[in-house]
Amino acid sequence: MNLRFRLNGEAVEVEARTDEMLHDVLNRLGCVSVRETCGIGVCGACTVLLEGEAVSGCLLLAPLAEGREVTTVEGLGGDDPVQTAFAEVHAFQCGYCTPGMVLAAARLLEENPSPAEEEIRLGLAGNLCRCGSYVKIVEAVRLAARRKEGAWTS
Amino acid sequence: MTDPRVTGRARYAEDLEAEGMLHARIVRSPYPHARVTGLDASQVPEGCVVLLPEDVRDLGRYGVQIRDQSVLAGRPRHVGDPVAAVAAGSARAAEEAAASLFVDYEELPAVPDVLQAVQPGAPLVHEGHELASTGAAYFGLRPQQGTNVCHRFRIRDGDVAGGFEQAEAVVDETFRVAGAHHAAMEPHACLARWEQGRLEVQTGTQTPFNLREELAGIFGLEPERVRVVCRPMGGSFGAKTFLRTEAIAAALARKAGRPVKLVLPRDEEWQTLNRHPAVVRVKLGARADGTFTAAQIECYADTGAYADSGPGVAQKMGFAAPGPYRIPNVAVDAYCVYTNLPPNGAFRGYGQMQSTWARERAVDLLADRLGLDPLELRLKNLLREGDRYCTGEPMHDVHYAECLERAAEAIGWRDDRRGKGLSVILKGMQTPSRAAIAVEAGDDGTYVLRCATAEMGQGAIHAITLLAAELLGVEPDRVRFPAPDTDVVPFDTRTTSSRSTYMMGRALEAAVRDLQANGGRRGFGEVANAGGLDPDTGQGVASTHWHQAAAGAEVRVDEETGKLEVVRLHTAVYAGRVVNRPGAELQNEGSMIMGLGSALFEEVVFRDGQVVNPNLSDYAIPSFADLPERMTHELLEGESGEIHGLGETALPPVPPAIGNAVASLGLELFDLPMTPERVTEAIERRVGVKA
């Protein structure tokens with residue numbers, strides 16, 4: 001089928017099978033940061049934002065993106081407060097889960113701009129990091145939250 | 001510029017592409033032990049390349065310590081053993097082609113358990129054990145021909161029987177540790193191609209030179225005719241060591257005359273490599289005042305259907321088993337045993353977690369029997385500077401007591417011991433080994449490092465770059481560290497056993513000195529650490545220096561459900577000198593969290609030789625939700641300033657610290673993981689005793 005949606009702010013048109021998952025289509029469009037890892041929606045490495053909601057790209061049929069807005073980490077631009085906080089704090093080791101983690105954290109901060117540690121742990125519990133960088137990820141999310149808040153209050 | 005890992009620009013082995021490349025899929029045995037009696041490829045769609053036994057008949061056997069593996073198995077020895085392979089234009093087409101290849105099998109008797117496998121008359125997984133001649137078979141291997149034991153390692157030090165005669169109390173218990181899975185987020189992935197009789201393999205590997213040696217042996221090439229390029233790995237933890245998928249990709253590429261890429265589907269990861277399940281029996285004796293008099297330890301490491309690095313794992317399990325204690329009489333027998341399970345190999349901790357669990361639990365049981373404080377019992381017996389280990393080697397730069405005191409203090413041990421536990425460990429580093437590096441100056445004030453240290457997320461590139469910048473007196477952004485390429489970089493043993501910052505760091509110091517003494521253009525540095533153990537007596541030098549750590553845990557147990565919660569976890573690890581602080585902290589935290597998974601729930605479950613939980617839903621790895629309420633750690637630095645690797649050290653002490661904390665509540669656990677079922681059984685045992 002011919003699939004049309006907005007990817008990172010730009011209109012895209014792509015041939016896709018009706019039984020194809022979104023992460024496959026996004027990989028074909030060059031967004032390779034969307035990683036199929038578990039393939040069953042438990043690890044979060046394929047997290048993308050669909051109309052701003054965090055979803056697993058490995059579970060979402062590509063046709064369901066038709067006419068909608070999809071954001072991957074490539075679309076954050078590199079200077080998003082979450083990205084810069086992750087980089088500054090070194091909130092990653094191998095980096096494989098990081099794009100999904102960054103998007104899930106960005107979504108968490110949209111919903112809850114100043115989360116407590118417990119809320120960050122709960123909010124990101126669907127994203128696995130086998131390197132175990134969790135302590136520093138929490139630190140990075142708190143730093144990003146402070147910076148985002150600062151942008152509004154300073 | 002922001003780190004590529006946060007912008008989505010990071011690339012791994014699975015992202016490799018080549019003009020005209022095909023995608024591979026492996027056809028695997030559904031039986032734990034069988035003989036292939038027929039292969040029917042007639043239904044495979046046209047245009048696919050099929051790799052059949054006749055295509056690999058000219059290829060050599062491989063195996064880094066025991067030469068026991070073929071590129072395709074005519075007699076598969078585990079569920080998932082490759083019997084054929086296909087390559088097609090897309091991964092989906094390859095999957096369909098693999099499903100259209102039909103294989104007939106004749107089932108053979110299988111042995112699924114390590115203790116069954118060592119019984120006389122057990123089915124033999126391999127009839128004979130041929131020693132490998134590779135660089136990884138560096139220690140005296142002692143295969144027991146006609147049995148399933150492919151390596152036996154012993155320590156004989158002092159008079160053990162006499163030692164037990166002097167003991168007031170003796171503990172003699174058997175402990176079990178389940179198999180675990182690495183679950184690197186990126187699966188095994190490689191790309192192989194042939195050009196004018198040269199094989200080039202790009203892959204995620206910790207062991208480029210071992211892999212080159214193995215591929216050269218298989219394809220009958222001079223090592224220089226094989227080029228291995230290491231791509232950054234999306235995690236490894238030991239999974240991406242030695243030869244995994246590369247020979248099949250290379251054989252398919254040879255037949256296809258085109259590049260072939262092979263990325264393992266997630267469930268096949270569990271059929272490719274896991275951590276050794278182990279049974280460890282510990283007998284430990286002490287005088288009434290707590291002085292240890294003797295230890296007798298037996299370790300059975302289940303290496304699965306192929307030895308891989310299992311002999312080395314069993315040996316380390318054995319020589320780390322007595323732990324950081326003065327024990328005048330020691331006997332250790334460690335066995336690497338074949339079963340019909342998928343192969344087990346290197347896994348963060350390299351066998352030492354398994355024996356550490358058993359010994360540290362035994363120390364607490366002994367303290368209980370003697371009515372002594374487990375902390376005081378340990379402090380009384382810990383190795384001190386200049387003491388002799390049971391291998392005969394003198395111990396230097398010793399910090400066990402300091403680590404243990406810190407861990408005890410962090411959890412408030414001396415205020416109230418209830419619900420709390422401690423452990424202390426030693427862990428060896430690859431000995432002997434070699435490392436070399438070349439430093440080249442560019443015209444623009446930059447420097448290029450040529451070395452084989454592989455990046456898997458442990459931060460080696462960053463740490464070595466920082467060291468180089470410091471030594472060269474330049475900013476780190478003037479130092480480049482290209483992907484290791486065996487055509488270009490000098491030989492290095494491998495990126496394992498937390499050795500790289502220490503060994504490559506020292507080679508780098510020599511290389512920079514050489515560069516400065518010779519006109520500033522190019523410098524070369526090489527170091528070797530010597531040693532090794534006699535496999536029959538365990539005497540010699542096990543480790544150039546020892547990794548040292550202690551852990552303290554506080555737990556809460558729900559006696560209704562058996563749920564075990566870790567409230568507080570602290571590790572104190574001896575770092576010598578910290579090179580890259582965030583990286584060092586990440587390695588410590590990651591090791592602790594992986595230790596937590598092994599302690600509480602990670603277990604590869606087998607039924608009839610099949611892995612029944614080969615996915616990340618049924619095989620859970622720690623998430624944010626599994627973290628202790630408070631998790632902290634500290635890196636101790638010493639006056640000697642000698643760098644100590646940190647990649648694994650904080651893992652082995654975690655399970656026994658938790659197990660000992662549970663024991664302080666009267667719940668004695670002997671097996672890992674400490675699942676709610678096992679905790680409930682311990683509650684019932686305790687109730688039973690009371691009644």
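These notebook entries record what I looked up in chain B of a predicted model.

**Conventions.** I number residues from 1 along each chain as its sequence is written, with chains lettered from A in the order in which they are written. Because this is a predicted model, local features need pLDDT of at least 70 and side-chain atom pairs count only at pLDDT 80 or more, whereas totals for chains, interfaces and linings use all residues.

**Chain B overall.** I found 16 helices and 29 strands in chain B, taken as DSSP runs (helices H or I, at least four residues; strands E, at least two) numbered from the N terminus. I then looked up the radius of gyration, taken over C-alpha atoms, and it is 25 Å, close to the 26 Å that the globule rule (2.2 Å times the number of residues to the power 0.38) gives for 691 residues, so chain B is as compact as a globular protein of that length. Of these 691 residues, 61% count as buried, that is, with 20 or more other C-beta atoms, placed from the backbone, within 10 Å of their own.

**Helix α5(B).** I next turned to residues 208–219 of chain B, where α5 has 12 residues and reaches 16 Å from its first C-alpha to its last. Since 11 of the 12 residues are buried, α5(B) is largely enclosed by the rest of the structure; its cover includes β9 (198–203), β10 (226–230) and α6 (246–256) of chain B. Just after α5(B), I noted that G220(B) takes a positive phi of about 65°.

**Side facing chain A.** I looked up contacts (C-beta atoms, placed from the backbone, within 7 Å) and found 37 residues of chain B touching 39 residues of chain A. To this side of chain B, α14(B) gives the most, with six residues.

Note on methods. Two residues are in contact if their C-beta atoms, placed from the backbone, lie within 7 Å. The expected span of a helix is 1.5 Å times one less than its number of residues.
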